[in-house]
Amino acid sequence: MKEIDARGLACPAPVLQTKAALQSQKLAEVKVIVDNEGARQNVKRFLESEGFETAVQKDGNDLVVIGKCSATLQPHPQKVPEADTEPKKIVIMCATDRIGFGDDELGLKLMVNFIGTLKEMGPDLWRLVLVNNGVKLTIDESPVLQDLKRLEDDGLTILVCGTCLEHFDLFGKKKVGETTNMLDIVTAMQLADNVITI
Amino acid sequence: MPPGDLDKALCGLEFPTDKNVIIGLDRADDAGVYKISDDLAIIQTVDFFTPIVDDPYWFGQIAAANALSDIYAMGGIPKTAMNLVAFPIKDMDISVLRQVIQGGLDKMKEAEVVLIGGHSIEDRELKYGLSVTGFVHPDKILTKRNLKIGDQLVLTKPLGTGIINTAIKAGLVSQDVIEKVTRIMAALNRDAAEVLKNYPVHACTDITGFGLLGHLAEMVCDSGIGVQLNSSQVPIISETYEFASMGMIPAGAYKNREFREAMIEISPLVDRGVTDALYDPQTSGGLLICVAKEKANSLMDELRHHKMEDSAVIGEVIPEPKERIVVV
């Protein structure tokens, strides 16, 4: 793998070094080391615009952007088996603010209990995706807002559907999670080991 | 410097003041304003930077237009200027400096401003800019405050100069695009400032290093109101998207985003390239004018009539969500 050390360089130099490396030879894999957030994002974008799939690792104060040329991969790349110590990637897709049908009051109680108990999944819980009525769990009036904030503080990524927030006129009222789009949601599902729909 | 770092440096320091200071550092605006008499105040500002284009003459023009802009943004008329020069005399031919200053002088002539002094130092990198003093009636000062619900936001120049300047440094931009962007940056905000004097304008600022969203955030902070920005209406130089997708984004854009994103809600339907332009630090950007709703259309007509064809109504002041910017 070609390695490019672009530490200590200001934008756009890290991108230019990467560009020069790609032009000099056809590379299937490239590793670019940078030391600031702007350079990381710019190099990542550049590689993506050149058809690479990217991943970022942190190495002390350095950020390492790894690009793999998608064209050289199999159409359906085989999943690399993960080491036993790696947590699983579980996505929970929640499209409601109540659990189940029948009694709404009971459904709400179950939801409070459900979100409160989610922490038991530990690091295996990778993403919580909130769509449709589920986005109402992120606003001030939500009975589970504090629980969701705690989960987020513990490192859970909570993705909140922007289209849904817009539909319910809740833009600006969301108090937890990142606003997201369908592409991110679909990508999360694809990368997950397990998707649980509520 | 990035907005957050400057705050850290200044936080807690005491600045000398007196009763004639109308706008000082305690409520930082585009420039300082000091009252001389009941019908006259002076506006003072200073701005300088390293070259953004290779041509020294055009760099001089852009640096001067950028420095003069703060006076226009505050509703004033620039009167006098002083040159600020840092020059690598051992490494660069002195004729380069002459061309830079000629560019600055031509811009000052256009603005009917007189140069009455200056200061130069030897430095490793060329830097140029101006300190400018302007006049304004104390009752007619335009600030970043005083937004009213329903007001329309008008932007007079297209965004994207930071991203395109980064691509210029990388040698990726064609000569005709360089010329187009150079003309945009070198254009004075004077005509826009003249036009808006006849309209019920409640607030005004110029778009520079903090990007459109950063400067808008300053207007929204502690205001009790919010702003909705219609991203599809924001004028953006068309080449911006291509260079943004290639990673030609200045580090300042990421800093601007980091500093302000907590008060900004961007709809997921907004294209990433547009978001990049909204945070992009501008060099000598346009005026952001906050005008009473019923007069917005006639203001737009007059701006277009005065050759500011890129001008657009880009948003509205809304009651909720308070002190947040919603981008749709």
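In what order do the four strands of the open sheet in chain A stand? In this predicted model, for which local features need pLDDT of at least 70, side-chain atom pairs count only at pLDDT 80 or more, and totals for chains, interfaces and linings use all residues, side-chain values use heavy atoms, with hydrogens and water left out. Residues are numbered from 1 along each chain as its sequence is written, and chains are lettered from A and ligands numbered from 1 in the order in which they are written.

The order of the strands in chain A is S1-S2-S4-S3, with mixed pairing. Strands (E, at least two residues) and helices (H or I, at least four) are DSSP runs, numbered from the N terminus; two strands pair if DSSP finds at least two bridges between them. S1 (2-5) and S3 (52-59) of chain A each have a single partner strand and stand at the edges, so one side of each lacks a neighbour in the sheet. On average, neighbouring strands of this sheet are turned by 20 degrees against each other, direction ignored. Between S2 (residues 29-34) and S4 (residues 62-69) of chain A, the pairing is antiparallel and extends over six bridges. A:Val34 is placed opposite A:Leu63 in S4(A).

Helix H1 (residues 13-24) of chain A lies across S1, S2 and S3 of chain A, at about 155 degrees to S1(A). Axes are lines fitted to C-alpha atoms, for helices over the stretch in contact (heavy atoms within 4.5 Å), and angles run from 0 to 180 degrees between N-to-C directions.

In chain B, helix H4 (residues 161-169) is mostly covered, with eight of its nine residues buried. These buried residues pack against H5 (175-186), H8 (240-245) and H10 (272-279) of chain B. B:Thr240 belongs to helix H8 of chain B and counts as buried because its relative accessibility is 0%. Beyond neighbours within four places in sequence, B:Thr240 is in contact with B:Leu159, B:Gly160, B:Ile163, B:Ile164 and B:Ala277. Of these, B:Ile163 and B:Ile164 are among the buried residues of H4(B). B:Gly171, which follows H4(B), has a positive phi near 75 degrees.

How values were computed: Buried means under 20% relative accessible area, exposed over 50%, partly exposed in between (1.4 Å probe, protein chains only).
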